[in-house]
Amino acid sequence: MLSLHSARQRARAPGQPPRIGLAVAGGGPIGGMYELGALRALDEAIEGLDLTRLDGYVGVSSGAFLAAGLANRIDTAEMCRIFITGDSADVQFRPETFLRPAIFEYARRAARLPRLAATWWQELLFSRNESRWSDLLMHFGALVPTGLFDNAQVERFLQDVFTRRGRSNDFRDLDTELCVVAVDLDSGEAVKFGTEGWDGVPISVAVQASAALPGLYPPVEIGGRHFVDGALRRTMHASVLLDRDVDLMIGLNPLVPFTQDDSGRPVSHERSLAAGGLPAVLSQTFRTLLQSRMQVGLARYAQQYPNIDQLIFEPNAGDAELFFTNAFSFSARRRICEIAWRNTMADLRRRAEELAPVLDAHGLSLRMAVVGDENRSLLDGLAPPPRDNDATARLRRALDDIEHRPPPARRAPRARRSAP
């Protein structure tokens, strides 16, 4: 589903190259795989769009992985090799890295049991019946781990990826602007890593903090403050890019509520989401909250930034397979990525005429031979992986930099002195 806001009046000066930004929301592992499929479709379908050389990126939660990768020049083809086909010569992805139990967190919480038990028994014996058994939850709630899985392994994985082959784990060394958003747990403040004052935090740590979904991963401590998933404040944080005067903003949001029957007729109990139990109800509730907040934000952006073209790609509301797939499962990643690729291609194909003038204003165009091929699949355009080592990868990156370097400005010719 494509939401398109066309600029009322484009403010870019003639001859000035367009500034394009990418905002990628969160959505757990499945949401990230959906976004990867959508990004791969855009990469193949739009002539002139280089997703690794945009003017700004903002990533939230699982979207921060993709944004940080693109800002480090890991293109969508290589990401597909890493996460989908598994034949990357650069990065070896293992799902168990992201799903290792937080043993140290469990042990640290359990070590507090004797002291909490002694305190509770003391209150129970000497408080003259003022203490209630209902207080048990308050006393022993501190024993419950803040996360099931250890996200320290996630940070180590990213640190390894971003410190090889000419890439960087430092925001300040990137050739573009990258912003990774997390939320301070104690204040509720959204912190934008990569911006002034927060650009000294390693990218891998910032992504770890942005993806620390409460209950799944423990909060990440940075500078004495504890950070959790950036989606708690906003879904996409697209205003980070819009405030930087981009000309075109591309956004991806993988979480929308499921619509089982759009006819308006009542749905039987057997086919209702309630029949799916608590997981289905919570998933629909969470998605509905995010979607309503997203729609409010987009309506505000259209009014606040009327001269910026905005393209937002989301799943179709009736994608039952996407909705009923475990949001934290890695086994379905190829199927979800393919669904996203096909949905995005269908959106581009269906609204090609409407998109043409918007893309043309930024020097872009649709590759109709790709967009119009309904038999094409996600992996059809995936070339064999380059067999590079670290040295050749750095050389290829340097040559690519030279190729994309703008030509030097021509100096005005000096006036000749006339002979006396």
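Trainee: Which side chain meets D175 in a salt bridge?

Mentor: Start with the general idea: side chains of opposite charge can pair when their charged atoms come close. In this predicted model, the partner of D175 is R73, at 2.9 Å from N to O. D175 sits in the loop between α7 (152–161) and β5 (177–184), and R73 in the loop between α2 and α3 (76–85), so the pair ties together parts that are 102 residues apart in sequence.

Trainee: Are those two residues buried or exposed?

Mentor: One of each. D175 is exposed, with a relative accessible area of 65%, whereas R73 is buried at 16%. The cut-off for buried is under 20%.

Trainee: How many salt bridges does a search of the whole structure find?

Mentor: The count is 17. Among them is the one between R376 and E44, with the closest N and O atoms 2.6 Å apart. That pair links distant parts of the chain, 332 residues apart: R376 is in the loop between α14 (368–371) and α15 (390–404), and E44 is in helix α1 (residues 28–45). Both R376 and E44 are buried.

Then there's E189 with R225, again a salt bridge, 2.9 Å from N to O. E189 lies in the loop between β5 and β6 (190–193) and R225 in strand β8, so this pair ties together parts 36 residues apart in sequence. E189 is partly exposed at 38%, and R225 is partly exposed at 26%.

Trainee: Which residues are linked in a network of salt bridges?

Mentor: D90, D160, R164, R165 and R167.

Trainee: Now the annotation. Which residues does the UniProt "active site" cover?

Mentor: The unreviewed entry gives S61 and D229. S61 is in the loop between β4 (56–60) and α2 (62–71), while D229 belongs to strand β8 (residues 225–229).

Trainee: What joins the side chains of D229 and S61?

Mentor: A polar contact of 2.8 Å. Both residues are buried: S61 has a relative accessible area of 6%, and D229 comes in at 4%. Leaving out residues up to four places away in sequence, S61 also touches G26, S210 and A211. The contacts of D229 include V60, V183 and P214.

Trainee: And a helix: how far apart are the end C-alpha atoms of α12?

Mentor: They are 26 Å apart. At 1.5 Å a residue, the 18 residues of α12 (residues 333–350) should span 26 Å, which agrees. Its buried residues include W341, M345 and L348.

Terms used:
Residues numbered from 1 in each chain as written. Predicted model: local features only at pLDDT ≥ 70, side-chain atom pairs only at ≥ 80, totals over all residues. Heavy atoms only, no water. UniProt positions renumbered as here; feature names shortened; annotations may be inferred. Helix = DSSP H or I, 4+ residues; strand = E, 2+ residues; numbered from the N terminus. Buried < 20%, exposed > 50% of the residue type's maximum accessible area, 1.4 Å probe, protein only. Contact = heavy atoms within 4.5 Å. Polar contact = N/O pair within 3.5 Å; in protein donor to acceptor, adjacent residues only side chain to side chain. Expected span 1.5 Å × (residues − 1). Salt bridge = Lys/Arg side-chain N within 4 Å of Asp/Glu carboxyl O.
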